[in-house]
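This report goes through one protein model, from strand pairing to charged side chains. Please keep the sequence and the coordinates in view while reading.

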Amino acid sequence: MPNASRTVVGDWMRYIDGSRYLSELSIPGTHDSVTALFHSAVGMKEGWTRCQDLDIEVQLQRGIRFLDIRMRYDRSVSPAVMRLCHGSSDMERDFGYVLGICQRFLTTHNFECIVMSVKNESGEDEAAFAE
């Protein structure tokens, strides 16, 4: 692998031997990946909720390949949507926001992959969440 640079970091998977299994790699990732979206007038709430300073687009550009996505099923809108959240704190976006960023990234970085953990943060609406 060449010396690290922004170009290499953004495309680091291209330098991995194609015979390697994903399970053999140590994948860099973030906890509560979308929380850079959260802003609050209450400083302590922001301190507890906001785990990331960089949005997921920048995280991907900087080599992150594992995203921890937390959501809740929101029936207060029609049609109902999967809302990004951290506990009870809403990130004011839906899952389509994450999918759009990932799709754009993978379109321009065709040697890369993204591993994503998707969790139902509320623990409710399991059947709807599974769909």
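## Basis of the model

The model is predicted; local features need pLDDT of at least 70 and side-chain atom pairs count only at pLDDT 80 or more, while totals for chains, interfaces and linings use all residues. Residues are numbered from 1 along each chain as its sequence is written, and side-chain values use heavy atoms, with hydrogens and water left out.

## Strands and hairpins

Helices (H or I, at least four residues) and strands (E, at least two) are DSSP runs, numbered from the N terminus. Two strands count as paired if DSSP finds at least two bridges between them. Strand 2 (residues 66-74) pairs with strand 3 (residues 81-86) in the antiparallel sense, over 4 bridges. These two strands form a hairpin with 6 residues between them, and Arg72 stands opposite Arg83 in strand 3.

Strand 3 also pairs with strand 4 (residues 89-94), again in the antiparallel sense, over 3 bridges. His86 has Ser89 in strand 4 as its bridge partner. The hairpin of strand 3 and strand 4 has 2 residues between the strands, and Gly87 takes a positive phi near 60° there.

## Two buried loop residues

Ser33 is found in the loop between strand 1 (29-30) and helix 2 (43-49). Its relative accessible area is 0%, so Ser33 is buried (buried means under 20% relative accessible area, exposed over 50%, partly exposed in between, with a 1.4 Å probe and protein chains only). Leaving out residues up to four places away in sequence, Ser33 touches Gln52, Leu54, Ile56, Gln59, Phe66, Leu67, Asp68 and Ile69, where contact means heavy atoms within 4.5 Å.

Asp11 is found in the loop between helix 1 (6-10) and strand 1. Asp11 is buried yet has no salt bridge, and the nearest side chain of opposite charge, Arg14, is 4.6 Å away. A salt bridge requires a side-chain nitrogen of Lys or Arg within 4 Å of a carboxyl oxygen of Asp or Glu. For charge, Lys and Arg count as positive and Asp and Glu as negative; His and the chain ends are not counted. With residues up to four places away in sequence excluded, Asp11 touches Arg65, His109 and Glu112.

## Rings

A search of the whole structure finds 0 aromatic pairs (rings of Phe, Tyr and Trp, its six-membered ring, pair if their centres lie within 6.5 Å; planes under 30 degrees apart count as stacked, over 60 as edge-to-face and the rest as tilted). Arg93 lies over the face of Tyr97, at 5.1 Å from the ring centre. A charge sits over a ring if NZ of Lys or CZ of Arg is within 6 Å of the ring centre and within 35 degrees of the ring normal.

## Salt bridges

The structure holds 9 salt bridges. One of them joins Asp68 and Arg70, whose closest N and O atoms are 2.8 Å apart. Asp68 is buried at a relative accessible area of 7%, and Arg70 is buried at 13%. Arg70 also meets Glu121 in a salt bridge (3.3 Å, N to O). Glu121 lies in the loop between strand 5 (115-120) and helix 5 (126-130) and Arg70 in strand 2, so this pair ties together parts that are 51 residues apart in sequence.

Asp90 forms a salt bridge with Arg72, with the closest N and O atoms 3.1 Å apart. This pair links distant parts of the chain, Asp90 in strand 4 and Arg72 in strand 2, 18 residues apart. Asp90 is partly exposed at 22% relative accessibility, and Arg72 is partly exposed at 23%. Salt bridges that share partners join Asp32, Asp68, Arg70, Lys119 and Glu121 into one network.
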